[in-house]
Amino acid sequence: MTGHRMVELPGLSLAYRESGPADGPPLVLLHALGERAADWDVVLPALAPHHRVLALDQRGHGDSGRPGRYGLEAMRDDVLAFLDALGLARADLVGHSMGGAVAYLVAQRRPERVGRLVLEDVPAPRPRPASPVADAPDGPVDFDRAVVRAVKEQIDRPDPRWLEGMAAITAPTLLVAGGAASHVPQAGVAELAGLIADCRLATVEAGHLVHRTRPAGFVAAVAPFLDPAGGDGPAG
């Protein structure tokens, strides 16, 4: 059963959805740009039935606050403040796309606070050619349009320290690649896997939206890796 909750952080109201046993090991789910916590529903509860699952609406998204100040470092700090607010010393992290970048920044900044790390179709942070921000859709959206421009600028021109910081990540890491159908260059995903000391790469031919397009394949790759009994997850 999923409960909708809100926590007050310094300068931000952060919405989240909680499911699973309250005494289970905590697992934080971080969605992609323009999504919200409900994006993970398709893989719950099969993803981590023994975990206390905490799916966030990141700042500027869903029911969370829209403070007007956006960026991946701010989202990283939100995750750490969220763990503090809930009294959680350590958690597993799963992040998709933008959420994966937030997750690896958390694991760089505070490696002792991340148990296991799952990154879904996330490339190494290398500069890329800038492209125009898409026009606003006609109908309402579940995110602040300002967050799109701020995050896209950072992804196009990432801080070089992010790349250097991969060496600081100590969490066992699983990188789930989306394969040939993904718009994310898969060579960049493979490069990221090589930059993290304890990282394995699993490809699920699904495109960028792995957990939504092939939920069973995503769960088959990720659930054993997150198993609190100590499953090592898929090799490859």
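Q: What volume does the largest pocket have?
A: The largest pocket has a volume of about 810 Å³. Keep in mind that this is a predicted model.

Q: Which residues are closest to its centre?
A: Ser97, Arg128, Ile155, His183 and Val184 are the closest, out of 32 residues that line the largest pocket.

Q: And which elements give two or more residues to the lining?
A: Helix 2 (98-109) and helix 3 (145-156) do. Helix 3 gives the most, with five residues.

Q: How do the lining residues divide into nonpolar, polar and charged?
A: The lining of the largest pocket has 21 nonpolar residues, six polar and five charged.

Q: Changing topic: what should helix 1 span, at 1.5 Å a residue?
A: Helix 1 covers residues 72-85, and its 14 residues should span 20 Å.

Q: Which residues in helix 1 are buried?
A: Leu72, Ala74, Met75, Arg76, Asp78, Val79, Leu80, Phe82 and Leu83 are buried there.

Q: What comes just after helix 1?
A: Gly87, which takes a positive phi of about 70°.

Q: Now Asp159. Where is it?
A: Asp159 is in the loop between helix 3 and helix 4, the latter being residues 160-164.

Q: Is Asp159 buried or exposed?
A: Asp159 counts as buried because its relative accessibility is 18%, and buried means under 20%.

Q: What does its side chain contact?
A: The side chain of Asp159 makes a polar contact of 2.7 Å with the side chain of Arg161.

Note on methods:
Residues numbered from 1 in each chain as written. Predicted model: local features only at pLDDT ≥ 70, side-chain atom pairs only at ≥ 80, totals over all residues. Heavy atoms only, no water. 1 Å grid on protein atoms, 1.4 Å probe; cavity = no way out; pocket = protein on both sides within 12 Å on 5 of 7 lines; lining within 4 Å. Points joined across faces, edges and corners; volume = space filled by probe spheres on them. Helix = DSSP H or I, 4+ residues; strand = E, 2+ residues; numbered from the N terminus. Nonpolar A, V, L, I, M, F, W, Y, C, P; charged D, E, K, R; others polar. Expected span 1.5 Å × (residues − 1). Buried < 20%, exposed > 50% of the residue type's maximum accessible area, 1.4 Å probe, protein only. Polar contact = N/O pair within 3.5 Å; in protein donor to acceptor, adjacent residues only side chain to side chain.
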